[in-house]
Amino acid sequence: MRGGRGMTASRPDPITSARMAGVRQKGTQIETVVAGVLREKGLRYRKNVKQLAGSPDFANRSRHWAIFVNGCFWHHHTGCRKATVPKTNTDFWTRKFRDNRRRDAQAIRSLRRSGYHVIVVWECKKGRIRSKLGKILEARRIDPR
């Protein structure tokens, strides 16, 4: 298992390793829904923009907006039932989630300082994202052109 600075973890069992290898990082169901909403609104975007802080899942650099689509487990969504901590390697996971949240916050601050409108979409909100995202985009006056 790969770890960040100073992280040590015991090697996961083969079943856990196979399960973790199967977790998608791109092209998730919620990303597909968000992409559909953006297309419906006529918004042009690039996916996984590595030139921007935090590599937003969707962004338009000329219009200065970015959307992060976060999984509740990996980004440890506050108050979400999916934001659990595994029972093994608890210290490792606790540090991992803390570092992920810190990195997310830094990326958002950096983008906002650069004048970007930043939206965070959580995986658990998948059922309501169509109505919510449209309202958020309109409220932030994100121009579709």
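How accessible is arginine 102, in relative accessible area? Arginine 102 is partly exposed, at 44%. Here are some notes to go with the model you have open.

1. **Ground rules.** Please keep in mind that this is a predicted model, in which local features need pLDDT of at least 70 and side-chain atom pairs count only at pLDDT 80 or more, while totals for chains, interfaces and linings use all residues. Residues are numbered from 1 along each chain as its sequence is written, and side-chain values use heavy atoms, with hydrogens and water left out.

2. **Overall layout.** The protein has four helices and four strands, where helices (H or I, at least four residues) and strands (E, at least two) are DSSP runs numbered from the N terminus. Read from the N terminus, the order of elements is α-α-β-β-β-α-β-α. As for contacts (heavy atoms within 4.5 Å), residues 24 or more positions apart make up 58% of those with a separation of 6 or more.

3. **Surface and burial.** Of the 145 residues, 34% count as buried. Buried here means under 20% relative accessible area, exposed means over 50%, and partly exposed lies in between (1.4 Å probe, protein chains only).

4. Arginine 130 is partly exposed at 45% relative accessibility, whereas glutamate 40 is exposed at 58%.

5. Aspartate 99 meets arginine 98 in a salt bridge at 3.6 Å, N to O, and arginine 102 in another at 3.7 Å, N to O. Arginine 102 and aspartate 99 are three residues apart in helix 3 (residues 90–113), so about one helical turn separates them. Through shared partners, Arg98, Asp99 and Arg102 are joined into one network. Aspartate 99 is buried, with a relative accessible area of 18%, while arginine 98 is partly exposed at 40%.

6. **The positive patch.** Have a look at Lys125, Arg128, Lys132 and Lys135, which form a positive surface patch. Patches are made of residues with over 30% relative accessible area and no salt bridge, with like charges joined within 9 Å and nonpolar side chains (Val, Leu, Ile, Met, Phe, Trp, Tyr) within 5 Å. Lys and Arg count as positive and Asp and Glu as negative, with His and the chain ends not counted; a charge is placed at NZ of Lys, CZ of Arg, CG of Asp or CD of Glu. Arginine 128 lies in the loop between strand 4 (117–122) and helix 4 (129–139), and is partly exposed at 44% relative accessibility.

7. **Isoleucine 30.** This residue of helix 2 is buried, at 6% relative accessibility. Leaving out residues up to four places away in sequence, isoleucine 30 touches Val69, Val121, Trp122, Glu123, Lys126 and Ile129. The C-alpha atoms of isoleucine 30 and glycine 127 are 9.2 Å apart, although 97 residues separate the two along the chain.

8. Histidine 77 belongs to the loop between strand 3 (65–70) and helix 3 and is buried, with a relative accessible area of 13%. Neighbours within four places in sequence aside, histidine 77 contacts Cys72, Ala83, Arg101, Trp122, Cys124 and Lys125. Histidine 76, in the loop between strand 3 and helix 3, is buried at 19% relative accessibility.

9. **Backbone angles to check.** Most residues other than glycine have a negative phi. Histidine 76 has a positive phi of about 50°, and serine 55 has a positive phi of about 45°. Serine 55 lies in the loop between strand 1 (46–47) and strand 2 (58–60), where it is partly exposed at 29% relative accessibility.

How values were computed:
Areas by Shrake-Rupley, 256 points an atom, 1.4 Å probe, with all protein chains shown as cover. Salt bridge = Lys/Arg side-chain N within 4 Å of Asp/Glu carboxyl O.
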